[in-house]
Amino acid sequence: MKQLKVAVIGLQFGMAHIEGAMGCGAEIAAICDSNEEHLRFAGERYGIPAEKRFTDYRELLHRDDIDAAVIAVPDQQHRELSCAFLKAGKHVLCEKPMALTREDTEAMIRAADESGCQMMVGQICRFTPAFEKAKALVENGTLGDLYFLESEYAHDYMKIVDNWRADPLRHGVIGGGCHAVDLLRWLGGRPAGGVRLRHQAAAAPGALRRRHRSGAEV
Ligand SMILES: NC(=O)c1ccc[n+]([C@@H]2O[C@H](COP(=O)([O-])OP(=O)(O)OC[C@H]3O[C@@H](n4cnc5c(N)ncnc54)[C@H](O)[C@@H]3O)[C@@H](O)[C@H]2O)c1
């Protein structure tokens, strides 16, 4: 089988993708980060030579030594970079959330359809053993017909410092809650009845703490 040549763009969480691609036997054809320090750090950490390091993703679009691109930059740029790589004929693995608006997600789906390339969104929970088990229990009929599904996602946003994460468009239900929503849809399919989402923001650090029966705060 041909060895897949992968470019990884955005080198913070994106470093996990370098490890994942290497672990699957893919070649890291290029890495890219607009922050030179992040680029240098990842390059040295994974032994990626200088000629495969880039600060501008546009330099990668028309290289024929790249089959697929991993987009691990802030959510606000997912549409721009995913569409650019798809239009250049590269397969795309885009980090979650796919995008922050319906218009952007539809543009990405259109670009994928028109390109004939594969696009996947990094909903990593689907590859977690406990959730894989739940999926198997649903599919092999052990749980019978599902009539109600509920999921919770908790994240301490008080510690978030990146400006792009504080964007009001990146509502908690979209930013992190997309894991919970995606799992519900993956396990349960398209709901026949209603869907209800609830987003609860803590008023102050520690506001979500509860006292355990033992007396300890959790
Ligand atoms: N699947 C998951 O569970 C999971 C976990 C963490 C983050 N993420 C997603 O991964 C993405 C990145 O998150 P992060 O935590 O690494 O963010 P981050 O802000 O820590 O890092 C983003 C990196 O992208 C670089 N960058 C920004 N714009 C760029 C551009 N145009 N070209 C090249 N590099 C650029 C930045 O310099 C930075 O190094 C986000 O979409 C986030 O939602 C997913």
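**Notebook: strands, helices, domains and ligand shell**

I began with the strand pairing, where strand β2 (residues 27–32) and β3 pair in the parallel sense over two bridges; two strands count as paired if DSSP finds at least two bridges between them. Within this pair, I found cysteine 32 opposite phenylalanine 54 in β3. I note that this is a predicted model, in which local features need pLDDT of at least 70 and side-chain atom pairs count only at pLDDT 80 or more, while totals for chains, interfaces and linings use all residues. Residues are numbered from 1 along each chain as its sequence is written.

I then followed the sheet as a whole, which is open, has six strands in the order β3-β2-β1-β4-β5-β6, and is paired in parallel. Its edge strands are β3 (53–54) and β6 (119–122), each of which pairs on one side only.

Read from the N terminus, the elements run β-α-β-α-β-β-α-β-α-β-α-α-α. The C-alpha atoms of the chain fill a box of roughly 60 × 40 × 35 Å, taken along the principal axes.

Next I looked at helices on the sheet: helix α1 (residues 14–23) lies across β1 (5–9), β2 and β4 (68–71) and runs at about 170° to β1, whereas helix α2 (residues 36–46) lies across β2 and β3, at about 160° to β2. Angles run from 0 to 180 degrees between N-to-C directions, and axes are lines fitted to C-alpha atoms, for helices over the stretch in contact.

I turned to helix α3 (residues 78–87) and helix α4 (residues 102–115), whose axes come within 9 Å and cross at roughly 10°. I sorted the residues of the contact of α3 with α4 into six nonpolar, two polar and three charged; Ala, Val, Leu, Ile, Met, Phe, Trp, Tyr, Cys and Pro count as nonpolar, Asp, Glu, Lys and Arg as charged, and the others, Gly among them, as polar.

I also checked helix α5 (residues 129–139) against helix α7 (residues 178–188), which pack at an angle of about 30° with their axes 9 Å apart, and α5 and α7 are therefore roughly parallel to each other. Phe131, Ala134, Lys135 and Val138 of α5 and Leu183, Trp186 and Leu187 of α7 make the contact, which has six nonpolar, no polar and one charged residues.

The chain is divided into domain 1 (5–122) and domain 2 (125–188), with bounds from an automatic or database domain assignment. Their centres, taken over C-alpha atoms, are separated by 23 Å, and the contact takes six residues from domain 1 and seven residues from domain 2.

I looked up proline 97 in the loop between β5 (91–95) and α4, where the peptide bond from lysine 96 to proline 97 is cis, with omega near -15°.

Finally, of the 22 residues around the ligand, Gly10, Gln12, Phe13, Asn35 and Glu95 come nearest, a residue being near if its C-beta atom, placed from the backbone, lies within 6 Å. I recorded this shell as nine nonpolar, eight polar and five charged residues.

Technical notes: Helices (H or I, at least four residues) and strands (E, at least two) are DSSP runs, numbered from the N terminus. Two residues are in contact if their C-beta atoms, placed from the backbone, lie within 7 Å. Angles under 35 degrees count as roughly parallel, over 145 as roughly antiparallel, 65 to 115 as roughly perpendicular and the rest as oblique.
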